[in-house]
Amino acid sequence: MNKKVQLQDLGNKDYKDTWDYQEELFKEIVDIKVQNSREETSIATPNYFLYVEHPHVYTLGKSGDVSNLLLSEKQLESKGATFYKINRGGDITYHGPGQIVGYPILDLENFFTDIHKYLRFLEEAIILTLAEYGLRGTRSEGETGVWFDVGTPFARKICAMGVRASRWVTMHGFALNVNADLGYFDNIIPCGIKGKAVTSMHAELGKAVDEQEVKEKILKHFQNLFEAEILI
């Protein structure tokens with residue numbers, strides 16, 4: 001079992017280019033696993049954790065409803081945004097500047113073979129990070145991600161999650177609103193959930209937040225939860 005995870009911060013990168021890169025890394029891991037199975041070898045599979053910030057983009061998961069995008073193609077162009085149907089779970093979400101996006105590309109057989117546990121650990125890394133800023137993030141039953149004030153009229157989502165897994169290899173991940181422009185969420189029904197608001201750390205704290213500091217805190221909690229060794 002290889003619990004080393006290679007960290008790569010891609011900076012600001014186009015969504016499609018990043019998706020293609022994820023697919024490359026995903027295929028690399030799956031190919032090793034297929035080879036190990038076929039040839040009865042035991043080559044260690046690598047793990048990756050990608051940080052990225054995307055230009056304005058809306059993405060729709062494979063089970064999502066395109067009607068949750070409230071913009072026409074022309075309106076998308078006017079807002080400088082793009083749109084992609086992709087192969088993760090979940091419905092529609094937004095990515096853009098001021099948002100920390102994390103894509104762990106892991107062979108879960110190096111850690112544990114439980115997708116439910118994997119999602120809960122990702123949520124927990126975000127919940128623990130928010131707690132360091134005095135923010136009480138929680139889970140909402142039946143709705144993946146991290147929320148505030150669940151069960152009240154003021155419920156609002158701060159972190160969306162959607163993953164894909166095959167042969168216990170993961171891709172896609174989470175998007176935490178740190179200093180994001182929340183106005184872009186007005187153009188969708190976020191995650192297909194009507195009547196619930198979206199928020200950011202900036203909105204909750206009333207001030208801009210150091211994104212690099214947040215990244216380091218998420219990584220610390222991820223490392224502890226997964227008992228991983230982060231390679232920088």
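Here are a few exercises, with worked solutions, on the structure shown above.

The model is predicted, so local features need pLDDT of at least 70 and side-chain atom pairs count only at pLDDT 80 or more, while totals for chains, interfaces and linings use all residues. Residues are numbered from 1 along each chain as its sequence is written, and side-chain values use heavy atoms, leaving out hydrogens and water.

**Exercise 1: the overall build**

Work out how many helices and strands the protein has, and what its radius of gyration is.

- Start with the elements: there are 5 helices and 12 strands. These are DSSP runs, H or I of at least four residues for helices and E of at least two for strands, numbered from the N terminus.
- Next, the radius of gyration: it's 17 Å, which agrees with the value near 17 Å for a compact globule of 232 residues. That rule is 2.2 Å times the number of residues to the power 0.38, and the radius is taken over C-alpha atoms.
- Then the box: along the principal axes, the C-alpha atoms fill roughly 55 × 40 × 30 Å.

**Exercise 2: inside the protein**

- A nonpolar core is a set of buried Ala, Val, Leu, Ile, Met, Phe, Trp, Tyr and Cys residues joined through side-chain atoms within 4.5 Å. The largest one has 36 residues, and I126 and F174 are among those touching the most other members.
- Several elements each supply at least two residues of this core, including strand 1 (4-12) and helix 5 (211-226).
- Now look at I126: leaving aside residues up to four places away in sequence, it touches V146, C159, M161, F174, L176 and I218. Touching is contact, that is, heavy atoms within 4.5 Å.
- There's also a second, separate core of 18 residues, with L50, V57, I86 and V169 among them.

**Exercise 3: a closer look at L25**

Decide whether L25 is buried or exposed, and say what it touches.

- L25 counts as buried because its relative accessibility is 6%.
- Not counting residues up to four places away in sequence, L25 touches Y48, L50 and I105.
- Finally, L25 and N47 are 22 residues apart in sequence, yet 8.7 Å apart in space, C-alpha to C-alpha.

Definitions and conventions. Buried means under 20% relative accessible area, exposed over 50%, partly exposed in between (1.4 Å probe, protein chains only).
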